[in-house]
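Hello,

Here is the structure we talked about. Please have it open as you read; my notes follow below it.

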Amino acid sequence: MATKIPVTVITGFLGSGKTSLIRHLLQNNQGHRIAVLVNEFGELGIDGELLKSCQVCPEDGEGDTNIFELTNGCLCCTVQEEFYPTMQELIKRRDSIDCILIETSGLALPKPLVKAFRWQEIRNAATVDAVITVVDCAAVAAGTFASDPEAIAAQRQADDSLEHETPLQELFEDQLACADLVVLNKIDLVDAETKARVEELIKQELPRVVKIVESLRSQLDASILLGFQAAVEDNLDSRPSHHDTEEDHNHDEEITSTNLILDRTFDPEKLQQQLEKLAQQQEIYRIKGFVAVPNKSMRLVMQGVGTRFDKFYDRPWKPEEARQTRLVFIGRDLKSSEIESQLVAL
């Protein structure tokens, strides 16, 4: 029996920096032959395209690529339909793969996915080396998705309908509870005192002793992220979840995604200003996509978390490629028509 393929599950909330972490790891792989499985929320494969543009994995020919995309939005819910067949294909190529990275959707629970590695067909060939949880330090500092018992108690007293923690809070806690390593990302956006406070909040949610490493732009060495040999599937009892007593789990039905494809260019600064306004008008958690810029031969990547945005040029437009602006919006109770009309009017 050949050695099992080590699998690293990378989880974390929307916009925490998971794709950037994987992209950096691919570009600085230290000789590791890495396959990547990306689980998208939304129909446009933005994260998968970002990884393919790292210029490490071949882009041409489906049989040669090491990037696999699942686009249903919740890998933990479709293990049989999408994850299992993809893993079987990767297992067939085990002689040419040193490790597998799985990027979960920001709305997926990590523990049900890890349980799939107990299936005999997968267990014999692959093992979960570690679960790495990426945390947006600035978002947690703002209290966006961090657990705050006092605030929750106050809300419950003021509103009789708030009987349980919100799904987003449970998700954040479950992602931390399953972690072998926590990456505290975007520390440059907060001061030292705030960072220390966020670290303390995270430690309160960790059921075991788990290391927390700091990162500016998800740029961490492969030696930090790979080689844990944790065999996570064999010790899930030490990783509690809000859903341990449930056969199935429910997602917040109001959290949806909407896609916008426009055959036009945008001035990056004006577009960002409009997206910031939209994020203030609606409960938008994440904006990501590609922008066609006037008189630019490069494709612009634009990513937003709340009203914070980051943008960079990732690669030249291909000759046969339509220079479209393609954006994905993820949030609660999104008003798609308003989003489209405001951007079209720019």
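**Strands, cores and loops**

Start at strand β12. Thr325, Leu327, Phe329 and Gly331 point one way from β12, while Arg326, Val328, Ile330 and Arg332 point the other way; all of them are buried.

β12 has a partner. Strand β9, residues 284-291, pairs with β12 in the antiparallel sense, over 6 bridges. One place to look is isoleucine 287, whose bridge partner in β12 is phenylalanine 329.

Before going on, a word on confidence. This is a predicted model. The mean pLDDT of the protein chain is 79, and 76% of its residues reach 70 or more. Among the elements of the chain, strand β6 (residues 181-185) has the highest mean pLDDT, at 96. Helix α7 (residues 149-158) has the lowest, at 49. Two stretches need care. Over residues 56-63, pLDDT stays under 50, and the model has 14 contacts there beyond four places in sequence. Over residues 161-166, pLDDT also stays under 50, with 9 such contacts.

Now to β6. Why does β6 count as largely enclosed by the rest of the structure? Because 5 of the 5 residues of β6 are buried. Both of its faces are covered: Leu181, Val183 and Asn185 are buried on one side, Val182 and Leu184 on the other.

β6 has strand partners too. β5 and β6 run parallel and are joined by 5 bridges. Here isoleucine 132 stands opposite leucine 181 in β6. β6 also runs parallel to strand β7 (residues 211-214), with 4 bridges between them. Valine 183 has valine 213 as its bridge partner in β7.

Next, the nonpolar cores. In soluble globular proteins, nonpolar side chains tend to be buried together. The largest nonpolar core here has 22 residues. Phe83, Met87, Ile100, Ile102 and Phe117 have the most contacts inside it. Which elements each supply at least two residues of this core? They are β1 (5-12), β2 (34-39), α3 (79-92), β4 (99-103), α4 (110-115) and β5 (126-136). Methionine 87 is worth a click. Leaving out residues up to four places away in sequence, methionine 87 touches Ile100, Phe117, Ile122 and Ala126. There is also a second, separate core of 19 residues, which includes Leu25, Leu26, Cys99 and Val134.

What about the rings? The structure holds 0 aromatic pairs. Two arginines do sit over ring faces, though. Arginine 264 lies over the face of phenylalanine 266, at 3.9 Å from the ring centre. Arginine 299 lies over the face of phenylalanine 290, at 3.6 Å from the ring centre.

Last, two backbone points. Most residues other than glycine have a negative phi, and most peptide bonds are trans. Glutamine 229 is not a glycine, yet has a positive phi of about 55 degrees. Glutamine 229 lies in the loop between α10 (222-225) and β8 (255-262). Its relative accessibility is 71%, so glutamine 229 counts as exposed. Asparagine 295, also not a glycine, has a positive phi of about 60 degrees. Asparagine 295 lies in the loop between β9 and β10 (298-305). Is asparagine 295 buried or exposed? Asparagine 295 counts as exposed, because its relative accessibility is 84%.

Best wishes

Terms used:
Residues numbered from 1 in each chain as written. Predicted model: local features only at pLDDT ≥ 70, side-chain atom pairs only at ≥ 80, totals over all residues. Heavy atoms only, no water. Phe/Tyr/Trp six-rings, centres within 6.5 Å; stacked < 30°, edge-to-face > 60°. Lys NZ or Arg CZ within 6 Å of the ring centre and 35° of its normal. Core = buried A, V, L, I, M, F, W, Y, C linked by side-chain atoms within 4.5 Å. Buried < 20%, exposed > 50% of the residue type's maximum accessible area, 1.4 Å probe, protein only. Contact = heavy atoms within 4.5 Å. pLDDT = per-residue confidence, 0-100. Pairing = 2+ DSSP bridges.
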